[in-house]
Amino acid sequence: MFSLSEEGVAFVKRELNRYEDRRSAVIPALYRVQKENKGWVSPESVTYLSHLMDIPSAWIEEVLTFYTMFNKRPVGKYHVQVCCNISCSMNGGREMADHLCSTLKLKEDEVSGDGRYTISRVECLGACDKAPMMQVNDDYHEGLTNDKAVEILRGLK
Ligand code: FES
């Protein structure tokens, strides 16, 4: 059964007290759950949050399914999000996503056999002037080439 750490529970309770409407705490709560649940939000963690926050699980589900920054299935230790929006695409972002998948021998959005990587195509990450770019967990890597992107991933501990 999923549960948050003591710090996670305290965080969610602080967020609930911060807003007049309990719904406003859903996004920060989901972020916290994702961080503590290996990068994704499982169905059981939605049920857990629903009880903790005393709100219907449907309110959580609607936020979870609307925003793409929440992962609805497991991801690797390193979730590699390759921007494939216009600036990045014009500078090789789509080809870079393909290159990473073929180099690491995995399909988009699947977890590699060793559990280290998931490669996903995403929309604009707001670093268009540094295209092409990718986000690995919380870190941005900009102005990439295919080789440089592979080198970054291979260098992760
Ligand atoms: S188009 Fe890639 S960061 Fe904006």
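Me: What should I know about the numbering and the model before I start?
Reply: Residues count from 1 along each chain, as its sequence is written. The model is predicted, so local features need pLDDT of at least 70 and side-chain atom pairs count only at pLDDT 80 or more, while totals for chains, interfaces and linings use all residues.

Me: Okay, which domains does the assignment give?
Reply: Domain 1 covers 6-66 and domain 2 covers 78-154; such bounds come from an automatic or database domain assignment.

Me: How far apart are their C-alpha centres?
Reply: Those of domain 1 and domain 2 lie 28 Å apart.

Me: Switching to the sheet: what's the strand order?
Reply: S2-S1-S3-S4, in an open sheet of four strands with mixed pairing. Two strands pair if DSSP finds at least two bridges between them. Strands (E, at least two residues) and helices (H or I, at least four) are DSSP runs, numbered from the N terminus.

Me: And which strands stand at the edges?
Reply: S2 (117-122) and S4 (139-141); each has a single partner strand, so one side of each is left without a neighbour in the sheet. The twist averages 25° from one strand to the next.

Me: How many bridges join S1 to S2?
Reply: Six, and S1 (residues 78-83) and S2 run parallel. As one example, Val 80 has Ile 119 in S2 as its bridge partner.

Me: Now helices. At what angle do H3 and H4 pack?
Reply: About 130°, with the axes of H3 (residues 43-53) and H4 (residues 57-66) 8 Å apart. That makes H3 oblique to H4. Axes are lines fitted to C-alpha atoms, for helices over the stretch in contact, and angles run from 0 to 180 degrees between N-to-C directions. Under 35 degrees is roughly parallel, over 145 roughly antiparallel, 65 to 115 roughly perpendicular, and the rest oblique.

Me: Which residues make that contact?
Reply: Val 46, Thr 47, Leu 49 and Ser 50 of H3, with Ser 57, Ile 60, Glu 61 and Leu 64 of H4. Being in contact takes C-beta atoms, placed from the backbone, within 7 Å.

Me: What about H6 and H7, how do they pack?
Reply: H6 (residues 93-104) and H7 (residues 146-154) pack at about 45°, with axes 10 Å apart. That makes H6 oblique to H7. The contact is made by Met 96, His 99, Leu 100 and Thr 103 of H6 and Asn 146, Ala 149, Val 150 and Leu 153 of H7.

Notes: Contact = placed C-beta atoms within 7 Å.
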